[in-house]
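This report describes one protein model, part by part. Please look at the sequence and the structure before reading on.

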Amino acid sequence: MHDAIPDLARRLRDTSRVVFFTGAGVSAESGIPTFRDAQTGLWARYRPEELASPEGFRADPRTVWEWYAWRREKCLAAEPNPAHLAIAALERRLPGVTLITQNVDGLHQRAGSPAPLELHGNLHRLKCFRCEADGGDWPATLDSLPHCACGGLLRPAVVWFGENLPSDVLARASEAGLQAGLFFSVGTSSLVYPAAELPFSAKRRGAFVVEINPQPTPLSRHADLCLHGPAGSVLPELLA
Ligand code: BV8
Ligand code: ZN
């Protein structure tokens with residue numbers, strides 16, 4: 001038991017506005033590769049900054065579709081882990097908890113979180129690359145790439161590098177961060193902007209910032225507390 005946990009548990013009880021901000025690390029214990037795992041990470045085998053970009057899609061839509069189909073299969077086969085479940089349980093127990101995620105895997109919803117703010121979209125949803133219309137359900141096969149009624153190619157409804165985040169979602173996430181008394185940054189390398197700015201601006205507005213990550217990140221030296229451990233163990237201990 002981290003010796004800081006009792007104090008944190010007290011803070012949780014006494015704080016009216018709590019934010020959880022999650023990244024790929026919160027899904028790692030569900031078996032979903034993160035972006036930066038050297039061996040298994042998505043960066044290792046692919047070049048996400050190229051594949052997860054409009055240019056990459058324009059250049060080779062089939063490869064991008066197949067990459068997301070591979071990731072979607074992993075997400076569908078995965079189960080929410082104790083980290084997801086602990087956050088969802090706290091959301092049921094405490095009013096005033098906001099969950100913001102960079103993840104596109106849908107595991108927070110499957111764990112029972114009612115309305116995660118998905119800054120980078122969700123790979124289970126599709127949209128049109130040309131007119132942005134909703135793209136309905138995933139096709140059963142990728143024999144031919146799916147198209148919109150307007151003739152445009154469909155794509156996963158995620159935010160790619162070089163694309164703006166959904167402004168309404170980002171505004172709500174920013175507002176929650178600025179109001180937060182307690183801000184947990186869980187399982188993110190804190191490298192991708194503008195999402196990575198959230199804990200820093202929360203800190204500047206007086207939030208008590210806690211980082212949960214086995215590794216240090218650019219946020220670590222700014223956080224009020226760093227719990228160096230896997231989210232699947234730390235969060236259940238903390239939120240019990
Ligand atoms: C934008 C969806 C305006 C798609 C993703 C130079 C400087 C600064 C910024 C930029 C720059 N050049 C370009 C930019 C902007 C760029 C950016 O920030 N690039 C970075 C790489 C420098 N940002 C953008 O392009 C954004 N848009 O800025 O719009 C604009 C408009 C036009 C032109 C220019 C700009 C859009 C970014 C969104 C990209 N989409 N995902 C998809 O998933 O396919 S990003 C993707 O990577 C994730 O969503 C996530 O946000 C991001 C980082 O991943 P993490 O979640 O942090 O995961 P990671 O693997 O990195 O880390 C895992 C962590 O977990 C590790 O720390 C590890 O230690 C830890 N961990 C492991 N196991 C556990 C654990 N923790 C706890 N428990 C465990 N068990
Ligand atoms: Zn269209």
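Predicted model: local features only at pLDDT ≥ 70, side-chain atom pairs only at ≥ 80, totals over all residues.

## Helix 1

Helix 1 covers residues 5–14, and its buried residues are Ile5, Leu8 and Leu12. Seen down the helix axis, these buried residues fall within an arc of 60°, so they line one face of helix 1.

Several elements cover the buried residues of helix 1, including strand 1 (18–22), helix 7 (82–93) and strand 6 (182–186). Strand 7 (208–212), strand 8 (225–227) and helix 11 (231–239) are also among them.

## Nonpolar cores

The largest nonpolar core has 26 residues. Leu8, Phe20, Phe184, Val210, Ile212 and Leu235 have the most contacts inside it. Elements that each supply at least two residues of this core include helix 1, strand 2 (97–101) and helix 11. Helix 11 gives the largest share, 5 residues. Apart from this core lies another, of 23 residues, among them Ala78, Leu126, Cys128 and Val158.

Phenylalanine 184 is in contact with Leu8 and Leu12, among others, leaving aside its neighbours within four places in sequence. Its contacts also include Phe20, Val210 and Ile212.

## Histidine 120

An unreviewed UniProt entry lists His120 under "active site". Histidine 120 is found in the loop between strand 3 (117–118) and strand 4 (121–128). Is histidine 120 buried or exposed? Its relative accessibility is 11%, and buried means under 20%, so histidine 120 counts as buried.

Leaving aside neighbours within four places in sequence, the contacts of histidine 120 include Thr101, Gln102, Val158 and Leu165. The side chain of histidine 120 reaches the backbone oxygen of glutamine 102 at 3.4 Å.

Notes. Residues numbered from 1 in each chain as written. Chains lettered and ligands numbered in written order. Heavy atoms only, no water. UniProt positions renumbered as here; feature names shortened; annotations may be inferred. Helix = DSSP H or I, 4+ residues; strand = E, 2+ residues; numbered from the N terminus. Buried < 20%, exposed > 50% of the residue type's maximum accessible area, 1.4 Å probe, protein only. Contact = heavy atoms within 4.5 Å. Polar contact = N/O pair within 3.5 Å; in protein donor to acceptor, adjacent residues only side chain to side chain. Arc of directions from axis to C-beta. Core = buried A, V, L, I, M, F, W, Y, C linked by side-chain atoms within 4.5 Å.
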